[in-house]
Amino acid sequence: TSGRSSLGLAISMLRRPGVATICLAEGLWNFALAALRAFVVLYFTMGQDRSPTFVATVIFPLVALGIAVAAPTVGWLADRVGQVRVLVVAAAVYAVGMALPGFTSASWVIVVIPVVAAGAVTVMTLPFSVLMRLLPGHGHGAASGLFGFSRGLGATLGPVATGVAIVTLAPVLDDTQGYAAMWWVCAAALLLTV
C-alpha cells in the first residue's frame with residue numbers, strides 16, 4: 001500500500017500549478033538531448049561524409065566551449081532575472097540553433113554549436129530547481145520521482161521518434177541520408193517547451 005500512496009502522491013503533484021508544465025518540458029528537453037546524442041555523430045559521419053576525426057577535433061571542442069561558458073553563468077543569470085525567463089530564452093535559442101542544420105549543410109552552421117550546447121546546459125541544469133520552488137516543504141521525494149520519470153520517458157522516446165523520422169524522410173533528405181531530420185525533430189520538441 002505504501003507504493004500506491006507514493007504513486008497517488010506523485011500523480012496529485014501534477015495538479016499543482018506549474019508542476020505538470022515543468023515535468024512535460026523536462027521530458028521534451030530530454031527527448032531532444034537524447035535524440036541529439038544518438039544521431040549527431042551519424043549526421044556528420046554518414047549524412048555529411050565527415051571523418052570521425054572531424055567530429056572529435058572540431059565538433060566536440062565546440063560543444064565543450066558552449067558548456068564551459070554556460071555552465072558557470074546559467075545559475076548566476078537565473079538568480080538575477082529568474083529561472084523561468086532564462087529557460088524560455090535558452091529553449092528558444094536552442095531550438096533555432098537546432099533547426100538551422102536541418103535547412104542547410106553549409107559549413108558555417110558549425111558556428112552555432114557552442115550556442116546549442118549552452119542551451120542544452122541551461123535546460124538540463126535549471127528545471128529541477130524550478131520544480132522544487134513550486135512545492136511546499138513536503139512531497140519532494142514524490143516530485144523527484146515524477147521529474148525523473150518525465151526525464152526518462154523523454155530520453156527513451158527521443159531517439160525512437162528521431163530514428164523513425166530519419167528513416168521516413170531519407171528519400172526526401174537523401175543528401176544527408178535522412179539524418180537532417182534529426183534537427184527538425186529536436187527543434188520541434190524544444191519549441192513546444194517555449
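The model is predicted, so local features need pLDDT of at least 70 and side-chain atom pairs count only at pLDDT 80 or more, while totals for chains, interfaces and linings use all residues. Residues are numbered from 1 along each chain as its sequence is written, and side-chain values use heavy atoms, leaving out hydrogens and water.

Two packed helices are described by the angle between their axes and the distance between the axes. Helices here are DSSP runs (H or I, at least four residues), numbered from the N terminus. Axes are lines fitted to C-alpha atoms over the stretch in contact, with angles from 0 to 180 degrees between N-to-C directions.

| Pair | Angle | Axis distance |
|---|---|---|
| Helix 2 (residues 19-47) and helix 8 (residues 181-193) | about 165° | 9 Å |
| Helix 2 and helix 5 (residues 113-125) | roughly 145° | within 10 Å |

Start with helix 8. Its angle makes helix 2 roughly antiparallel to helix 8 (an angle over 145 degrees). Helix 2 passes helix 8 in a left-handed crossing, where the near helix is turned anticlockwise from the far one by less than a right angle. On the helix 2 side, the contact (heavy atoms within 4.5 Å) includes Trp29, Phe39 and Tyr43, and on the helix 8 side Trp183, Cys186 and Leu190 are among the residues involved. This contact has 17 nonpolar residues, one polar and no charged; Ala, Val, Leu, Ile, Met, Phe, Trp, Tyr, Cys and Pro count as nonpolar, Asp, Glu, Lys and Arg as charged, and the others, Gly among them, as polar.

Helix 5 also gets a left-handed crossing from helix 2. Here Glu26, Trp29, Asn30, Leu33 and Phe44 of helix 2 meet Ile113, Ala120, Val123 and Met124 of helix 5. That set splits into seven nonpolar, one polar and one charged.

**Buried residues**

Glu26 sits in helix 2 and is buried at 0% relative accessible area (buried means under 20%, with a 1.4 Å probe and protein chains only). Setting aside neighbours within four places in sequence, Glu26 touches Val123, Pro127, Phe147, Ser150 and Arg151.

Tyr94 belongs to helix 4 (residues 83-103) and is also buried, at 0% relative accessibility.

As for cysteines, Cys23 is buried at 5% and Cys186 is buried at 0%. The disulfide count is zero, taking a pair of cysteine sulfur atoms within 2.5 Å as the rule.

Notes:
Helix = DSSP H or I, 4+ residues; strand = E, 2+ residues; numbered from the N terminus. Parallel < 35°, antiparallel > 145°, perpendicular 65-115°, else oblique. Buried < 20%, exposed > 50% of the residue type's maximum accessible area, 1.4 Å probe, protein only.
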